Amino acid sequence: MPVILAGKKITTVGIIEDDDSNRDSLAEIVADANFRPVPRDEPLPSLADFAATAARTTDAFIFDHHLKQSQYAPFDGAEAVAALYKKRPSLLCTQWSKADIDTIRLHRRRIPVLIPTDDMNPERITQGIEVCIKEFKDEFLPSREPVRTIVRIEDVDSKQNPPTVYGILPSWNPRQVVRFPIDVIDEKLRKYVRADERFFVHVNLGAEDEAELYLDDFEYRGRLK
Amino acid sequence: MKGIEVPLRFSTSILRRLGEELNPSPDQSVLELVKNSYDADAVGCTVELIRTDQPGGTIRVSDNGDGMDAAAIRDGWLVLGQSLKAPGGRTRLGRIRAGSKGLGRLAALRMGLSATLVSRPRADPKHQFRLTINWRDYDEAALVEDVILIIQEEPHPEKSQPGTEITLEHLRCDITRMDVKRLARSLLLLADPFGESPEGFRPVLRAPEFADLEALVENRYFKDAEYHLIARVDKSGKAHAAVTDWRGEELFSAGHGDLSKGRQEEVYKCPPAEFDLWVFILNQYIFSTRSSSLQEVKTWLQTFGGVHLYQNGLRVNPYGNPGNDWLDMNLSRVRSPEERPGTNTSIGRVSILDTEDILLQKTDRSGFIENDTFLEIRRFATDALDWMAKRRVETAEKRRAQERTEAPKKSEQAKESLHQVIEKSPKSARESLQVAFAKYNRAKQKEVDTLRREVQLYRTLSTAGITAATFAHESAGNPIKAISLSINTIARRAKEKLGKEYEPILAEPVERIIKSTNSLKVLGNVTLSLIDHEKRRTGRVNIHQVIDNVTKMFEPFLERSKVIVIRDLVKAEPFLRGSEAAVESILANFLDNSIIWFERVQTRERKVVIRTQVDDESLVLRFLDNGPGIVGISKEDVWLPGQTTRPNGTGLGLTIVRDTVTDLGGEVSAVEHGEFGGAEFIIRVPILGA
C-alpha cells in the first residue's frame, strides 16, 4: 500500500548504507514506517549512473554519509542527496560530527533533511520524506527558507584541503563565526575570498544551529572600507 | 518654433566639491603635480615648502620638462576630466604618461587661495606663459564659465631652460610634519629607487625631512637580504620565478606550472609584470658578521618596507604604505613565521607595463579599481610568495634531517679530540681529567637517553592518539550505529507487541543498552573532540569557556568516578592569545591526574576545585582536589617526563602541562597538600584582558 505524503505516492524507500548490519537495521525502521525497504547490497556505480537508473525505480531514499570507506560507492551520501534534489526525496542519516561539517555543508542547500542516527525512527522518516516533497515545491520549513543576505569574510585557512573560509553572517548572528569550505563559492569568485571582502549569499537565516546553515549562490559585493 | 542653443553649465561649487573630495591628503595632491612633471619629460622636479607649518604658506613645484605654450595650457592643462594620455603613444623620452585627468591637479591647485602657472615651452623657451587662478573669483561667481582666465605671454629675460613652475599661495591649511614626512617618502619612492630607473626622474623636496630619508634610501641594504625573489609574467600570461641568495646565486627556480599550483594551462590574465622581493632575516647572529648593523636595516625596512606597486615606472599609492599589506604577507607570516616574510622584514616591488591602460586608478587616487586584472596581478604575486615559502620549508627540513644525521658524528669527533688533548696533558693531571671526563660523559649520555625516551614516548602517544581517533570514528559510524538503531527498533516493536508487558519484562535491559551505547558514544566524541583541528588555531581563547567545555566533556568519567567539579571562577571573562587545544590540554591532564589519584584513596566525597583569579595582567588558575596529594615523588619532580608513580603511567601528563604553560608565557608550581588536603597546582599565565 503506498503512503500518500504531500500529494505524492511513496511505496519504496531505497537504503544506501555500506555496513550490512546498519542497512538491515534501517530496513526494519523503514518497514515499520509502512514503506517497502529496498536495501542496496551491491556496490554502487558512479553518481551519474546511479541517479539515472536506480533512482528511477525507487520512490525515496535514505543515505548514510560515509559510503566510500569500504568501496561501497564512489561518492558520499551528502553528494548523492544533493544530486537527487527535486528528483527523489532523500534523507541523510549520519552521526553529525564536526569532521563532516565541511563536506556536508558543501551540499547542505540541497539536503532538506538530516537525521542523526539516534533520532532515526519511523515517524522521522515519514516526516522527513514529506518535508523533502514540500521543499521540492518551494514550500520551505522556516529553518530552510533561503534569504539573500551578506557574509563578511573574516579569515581563510589555506592550509586546509579544501581551504576553509571563516565568515560572519550579521543577519544570522553577528557574534558567531561560521566556517565553510571554499568549494561552496563559485570558482570564478574565489579570487575575491579574503578577509574583509563581502558577498551576497543565499542563507537559511531561520536555521537555529550552525550545523543547519547553508550558504549558496555567492555574488561578489566588494571590500569592507 | 525657434530653438535656443544652450550648453550644460556648472556651478562654481562643483570645483569646491571636487577639490575637497579628491584631496586624500596634502602629500598625494602635491604628488599629482609632480606626476605632471614626469609626463612633461622632466628629469628634475623640485618641491619647495615655504612657511607651510602654518596656514597661509606657499608650495612651489618647478621642473625642467617640456613646458607648455598658451594653446597647450588652454586645451590641456585647464581642461578638467580629459586624459592627457596620447593613445598608445609615448613621450619624447619614451615615457608612458601617468595619464592624469586633471582632477588630482584641481585638488592640488585648490590647496591655496591662488595658483600661478608659469611655463616655458621647449619649442620657444625665450617666452613664458603665465596664468593665475584666484579661487576667490570663483567663490564670488555663480557659474564656472563666468570667471575668465588670462594667459599672459611675456618674454623671458634670461637665456633659460624650458620648464614649468606652479606656485600655490595662501595655503588654506598648514602642512604638518607628518605630511612632510609622507611627502618625502612618496617622492623618493615615486620613480622606483630600487633599481636603475631608465627614466632618470628624481623629484626632490627642499625640506630637512627629505634629506634624512634620502640618505636612508640611498643606503640600499639589498646586499644584506638572505633571499631575492624574482618572478615574471610574460605577455602570454605565463610566469616563472627564481630565488637567489645575496650573491645572486640561484637557489630555486620554478616554471609556470610550479607557480600556478599545477594549473599549467591557466595563465595569469594580466599585462607583463615583474615582482622582486628582498627578504631579510633580522637576527643579531646573522648580522654579527655584516658591515651593516641590524638596527640600520630594521630602520630602513620600517621606513620603506613592504611591496610597492609601479605602473609604467611610477609608484601607485597606497600599495606598500605603512599599514597597507595588499599581499597579506603579515597574515601569512603569523601562521608560518619560519618561512614567510612580513612587510617589516622585506622590501619589494611589483612593476607592471600597462600600455593599454587596463589597470584603472580610482579617481581619488586611493589605488586601483579592483578589477579582474588587478586581482590576477595579486594572484601572481601571492602564488610567487607561496612557492618561495614552500621551497624554504623544504630546505629547512633537509637541513634539520642533515643535522640529525651529522650531530652524532660531530659529537664523536669532539670526544676524540678531547681524548687526544687529555693524553697530551701532564701525567699528574691526566688521571683526574680522565675521571672527570668519564663522569661528564655518563651524565651527558643519561641526558641524551632521557631525551630520546621522551621523544619516543611522544611518538608512541601520538600514534596511540591517532589510532584512538580512528577507532572512535569507526565505532561511531558502524557498531555503535547498528546497536543504536537496533535497540530502538527492539524497543518500538516490543512495546507494540507486548503492550503493558513491555515495562516489567524489557524496559530495564533495553534502557541499560541505550545508556551504555550513549557512554560509548561519549568516549568516541571526547577523543575526536580533542583532535579537532579548529582548536589548534591561534586566536583569542576565553579561558572560562574552555573550563566549561572540558568539564562537560569529562562529565561521564567524572560521574563514574563520583567526582564533583566545583568551578570557582572570577566574575570576568579572562582571555588570552593562544590555542584552545593548549588550554584544554592543561585542564584535561589535571582532571586525568585527579581521577587516577582518587582511585588510590577512599575519599568519601571526591571533589575537584577549579579556581580562577585575575591579578594585574595575569590569570591565576588553581586546580585543587581532596585526593591523596603528591606522595611518593617530590613536587619538583612531578613535572619531569617519565616520572610516574602509577604502573603503566606515561609520566607525561604534567610535563605537557608544564611545557604548554611555558609556551603560553606563564609559570606553574605545585603544593603537595593544598587547601583540601590533596594536590594543588597553581598556574599563572599572561592574559590580554578580562
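Two residues are taken to be in contact if their C-beta atoms, placed from the backbone, lie within 7 Å. On this basis, 61% of the contacts in chain A between residues at least 6 apart in sequence join residues at least 24 apart. The model is predicted. Chain A has 225 residues, of which 39% count as buried. Its secondary structure comprises 6 helices and 12 strands.

Chain A contains an open sheet of 5 strands. The strand order is E4-E3-E5-E6-E7, and the pairing is parallel. Strands of a sheet pair through backbone hydrogen bonds, in either a parallel or an antiparallel sense. Strand E4 of chain A, residues 36-39, forms one edge. Strand E7 of chain A, residues 113-115, forms the other. Each of these edge strands pairs on one side only. On average, and with direction ignored, neighbouring strands of the sheet are turned by 25 degrees against each other.

Within this sheet, strand E3 of chain A spans residues 12-16 and strand E5 of chain A spans residues 60-64. The two pair in the parallel sense over 4 bridges. Ile16(A) stands opposite Phe63(A), a residue of E5(A).

The contact involves 21 residues of chain A and 17 residues of chain B. Two elements of chain A give two or more residues to its side of the contact: helix H1 (20-32) and helix H5 (98-107). The largest share, 7 residues, comes from H1(A). By residue class, the side of chain A that touches chain B divides into 5 nonpolar, 8 polar and 8 charged residues.

In chain B, helix H18 spans residues 653-663. Its buried residues are Leu654(B), Thr655(B), Val657(B), Arg658(B), Thr660(B) and Val661(B). An α-helix has 3.6 residues a turn, so residues three or four places apart point the same way. Gly665(B) follows H18(B). The phi of Gly665(B) is positive, near 80 degrees.

Technical notes
Residues numbered from 1 in each chain as written. Chains lettered and ligands numbered in written order. Predicted model: local features only at pLDDT ≥ 70, side-chain atom pairs only at ≥ 80, totals over all residues. Pairing = 2+ DSSP bridges. Axes fitted to C-alpha atoms, helices over the stretch in contact; angles between N-to-C directions. Nonpolar A, V, L, I, M, F, W, Y, C, P; charged D, E, K, R; others polar. Buried ≥ 20, exposed ≤ 12 C-beta atoms within 10 Å, placed from the backbone.
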